[in-house]
Amino acid sequence: QVQLVESGGGLVQAGGSLRLSCAASGFTFSGRAMGWFRQAPGKERTRVAAITWSGLSIYYADSVKGRFTISRDNAKNTVYLQMNRLKFEDTAVYYCAVARQSNTASYEYWGQGTQVTVSS
């Protein structure tokens, strides 16, 4: 049974930092690409960052480039999202997800999400 458990969300002032973690189990973590998504109230869920199984290829949405860093520790079955210089518009529920083996641009398992609230 695949489980993804996000943690690290919270309330932070604009300009501050948070580090999200996603602990994974129930599948071969080291063999799968992972992604972080976010969904703000009234908006669609969008991909924020993604990382291949090796960590050698990384994607960032333009809105977070230079501020967010995705990383993974395959020994700990955990993917991270370091968020610096947070902005009010970063407020959202953040989800981690597992990419499909056949199509790494598509995601098949999702965590329950963690709320990030940035006060202006």
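## Ground rules

Since the model is predicted, local features need pLDDT of at least 70 and side-chain atom pairs count only at pLDDT 80 or more, while totals for chains, interfaces and linings use all residues. Residues are numbered from 1 along each chain as its sequence is written, and side-chain values use heavy atoms, with hydrogens and water left out.

Searching the whole structure turns up five salt bridges, each being a side-chain nitrogen of Lys or Arg within 4 Å of a carboxyl oxygen of Asp or Glu. One of them pairs Glu108 with Arg32, at 2.2 Å from N to O. Glu108 sits in strand E10 (residues 107-110) and Arg32 in the loop between strand E3 (18-25) and strand E4 (34-39), so this contact ties together parts 76 residues apart in sequence. Strands here are DSSP runs of at least two E residues, numbered from the N terminus.

Glu108 also bridges to Arg100, with the closest N and O atoms 3.7 Å apart. As for burial (buried is under 20% relative accessible area, exposed over 50%, partly exposed in between, using a 1.4 Å probe and protein chains only), Arg32 is buried at 8%. Glu108 is partly exposed at 27%, and Arg100 is partly exposed at 33%.

## The Asp90–Arg38 pair

Another salt bridge joins Asp90 and Arg38, whose closest N and O atoms are 2.9 Å apart. Asp90 belongs to the loop between strand E8 (78-83) and strand E9 (92-99), and Arg38 to strand E4, so the pair links parts 52 residues apart in sequence. Both ends are tucked away: Asp90 is buried at 0% relative accessible area, and Arg38 is buried at 12%.

## The largest pocket

Arg38 turns up again in the lining of the largest pocket, along with residues including Gln39, Pro41, Lys43, Phe88 and Glu89. A pocket is an open set of points on a 1 Å grid over the protein atoms alone, where a 1.4 Å probe fits, with protein on both sides within 12 Å along at least five of seven lines; lining residues have an atom within 4 Å of a point.

The space in this pocket comes to about 210 Å³, a volume being what probe spheres set on the points fill. Its lining splits into four nonpolar, three polar and four charged residues, where Asp, Glu, Lys and Arg count as charged.

Definitions and conventions. Helices (H or I, at least four residues) and strands (E, at least two) are DSSP runs, numbered from the N terminus.
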